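Q: I would like to learn how to read a structure feature by feature. Where do we begin?

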Amino acid sequence: MSSIPRGIGLYGSEYSTQAQRIGLTSGAVPIAIYGLGKMGLPLASVYAEMSGNVTGVDIDEDVVRMINRGECHIDGEPGLPELVSEQVERGRFEASSDSRKVAKDSSVHVVIVPTLINEEHEADLGALESVCADVGSGLDPGDLVIIECTVPPRTCEEVVMPILERESGLSRGEFGLAFCPERTSSGKALYKLREAHPKIVGGIDDESTRIAEMIYGEITNNDVIPVSDATTAEAVKVFEGLYRDVNIGLANELGRVTDSLGIDTTEAIEAANTQSYCNIHTPGIGVGGHCIPYYPYFFMQQVPEQTPLIQTARDVNDSMPGFAVEKLLDGLSRRHTDIDGAKVLVLGVTYRAGVAETRATPAAPLIEELQGLGADVYATDPLVDVTEFGAASVDLENVTDDDYDAAVLVTAHEQFQNIDWNEFADMIVVDGRQALDLSDTDHYVYTIGVGPGEMREKGRVGQ
Ligand SMILES: NC(=O)c1ccc[n+]([C@@H]2O[C@H](COP(=O)([O-])OP(=O)(O)OC[C@H]3O[C@@H](n4cnc5c(N)ncnc54)[C@H](O)[C@@H]3O)[C@@H](O)[C@H]2O)c1
């Protein structure tokens, strides 16, 4: 078996699969990862661990400098700082901001830059298009381009491929393109990349799928699942996201009827979920982050006439901060307190507990609506600065120094469990995450998806 020469591409290679695999894991195949953010840096690090010949590319010079010093700019990822520092120190991983040069020197190009939506809810693929133009400028016959960032189905066919062909002067069949969705999430990225979920791979042609399958076979300890084509692989990732959004929308709709039916909806959901076909999520104050609230639009924009259910779920989920305000107003009216001039404390502004990410957080529309009604809004969050939302910042350590007319819990940060609620004068509390047990206090509590305090005492929460 002849070994594969350094720098050679794998697409259309005449070397045996075994020789290609050795080439890949011995560093003979130079690999570039474009985008070194929350997902890109963990991904580049596990690629470096596998191949020993990885260059990461980022437009942020500070990120590049930090990585080349062996430092990690992403917080909250167990094992990542150690892995980055080890791979950089051993010369297996370096970073650069010169994407065109790196593209010229690499044979496998993995793209994981942000894919956003604009105000009109259309996909903003600007970063992806810009990286693809740079990759195309350095593309050689035999190279493979892998797109990992989440995109609307048909993006590889209709956006990426034309850019690569235009910039490289090459034609389809001379280089490969595969979509391999990043299915992991922040927080335990290394563990998840290495083993948590099967890896889905779908190429623009069979040869692209074959190489992507071989590469991820070396990266993950889990299965690699090839699908028919890149568009199917793109759909897989979007389906995962919109399934969760629709499921949460259903849970939220059920959560909204808890008062009309006089039941603790979450108790009913948990019991219903003991049937193996039933897997309803938990009602809450809303969906945030850069994934679940956005991906449904990636799909809806492609087939807008055919997605009424998905749009309705989006609308239900977006209505939940308003539902929390309704419940807060109900509570205040019991105490004959006007919202105009009321002091309201918001607990948590990040979209998820323990994660310093505020994109699409329900805290933003909640605070805006409360302020629109004349409330004085205060907020506290152990992870991020709350003032960007226009709320007055309260130090969590001293949160009980002041009294409030009402409080709304948006984020179930574990630090909130240490609050001594008996130190506050009686107030109205809306728990948006089923995170508080205030049964030994005199506060009036409404828990979304459970109902008012009486329901909690009757039901399962807090037992
Ligand atoms: N974070 C997650 O939990 C997660 C999970 C699954 C999928 N994804 C997907 O992965 C992709 C990246 O997400 P992320 O969370 O890592 O984003 P991020 O915002 O944390 O990081 C993106 C990085 O890309 C860099 N970048 C932007 N434009 C660039 C360009 N033109 N060239 C080179 N670098 C550029 C930025 O400087 C930044 O460092 C998105 O499509 C996202 O939907 C993210």
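A: Begin with exposure. Buried means under 20% relative accessible area, exposed means over 50%, and partly exposed lies in between (1.4 Å probe, protein chains only). Asn-398, at 38% relative accessibility, therefore counts as partly exposed. This is a predicted model, where local features need pLDDT of at least 70, side-chain atom pairs count only at pLDDT 80 or more, and totals for chains, interfaces and linings use all residues. Residues are numbered from 1 along each chain as its sequence is written, and side-chain values use heavy atoms, with hydrogens and water left out.

Q: Where is Asn-398 placed?

A: Helices (H or I, at least four residues) and strands (E, at least two) are DSSP runs, numbered from the N terminus. Asn-398 sits in the loop between β13 (392–393) and β14 (406–409). Its C-alpha is 9.5 Å from that of Ile-419, and the two residues are 21 apart in sequence.

Q: Which annotation covers residues 345–438?

A: UniProt positions are given in the numbering used here, feature names are shortened, and annotations may be inferred rather than shown by experiment. The UniProt record, an unreviewed entry, annotates residues 345–438 as "domain: UDP-glucose/GDP-mannose dehydrogenase C-terminal". In the model, that span is 11% helix and 19% strand. Its end C-alpha atoms lie 16 Å apart.

Q: How do I read a salt bridge, and how many are there in the whole structure?

A: Side chains of opposite charge can pair when their charged atoms come close. The criterion is a side-chain nitrogen of Lys or Arg within 4 Å of a carboxyl oxygen of Asp or Glu. A search of the whole structure finds 20 salt bridges. One of the pairs is Arg-21 with Glu-218, whose closest N and O atoms are 3.1 Å apart. Arg-21 lies in helix α1 (residues 17–25) and Glu-218 in helix α9 (residues 206–219), so the pair ties together parts 197 residues apart in sequence. Arg-21 is partly exposed at 30% relative accessibility. Glu-218 is partly exposed at 29%.

Q: What separates Asp-105 and Lys-101 in helix α5?

A: About one helical turn, because they are four residues apart in helix α5 (residues 99–105). Asp-105 is partly exposed, with a relative accessible area of 45%.

Q: Is the pair Arg-314 and Asp-245 buried or exposed?

A: Arg-314 is buried, and so is Asp-245. Their salt bridge has its closest N and O atoms 2.6 Å apart. It links distant parts of the chain: Arg-314 in helix α14 (residues 308–318) and Asp-245 in helix α10, 69 residues apart. Elsewhere, salt bridges that share partners join Lys-38, Glu-357 and Arg-359 into one network.

Q: Which residues make the nonpolar surface patch of about 230 Å²?

A: Patch residues have over 30% relative accessible area and no salt bridge; like charges are joined within 9 Å, nonpolar side chains (Val, Leu, Ile, Met, Phe, Trp, Tyr) within 5 Å. Areas come from the Shrake-Rupley method with a 1.4 Å probe; for residues, only the protein chains shown count as cover. Val-257, Leu-261 and Ile-263 make this patch. Val-257 is in the loop between α10 (230–256) and α11 (258–261). It is partly exposed, with a relative accessible area of 31%.

Q: How is Leu-43 placed, and is it buried or exposed?

A: Leu-43 is in helix α2 (residues 40–51). At 0% relative accessibility, it counts as buried.
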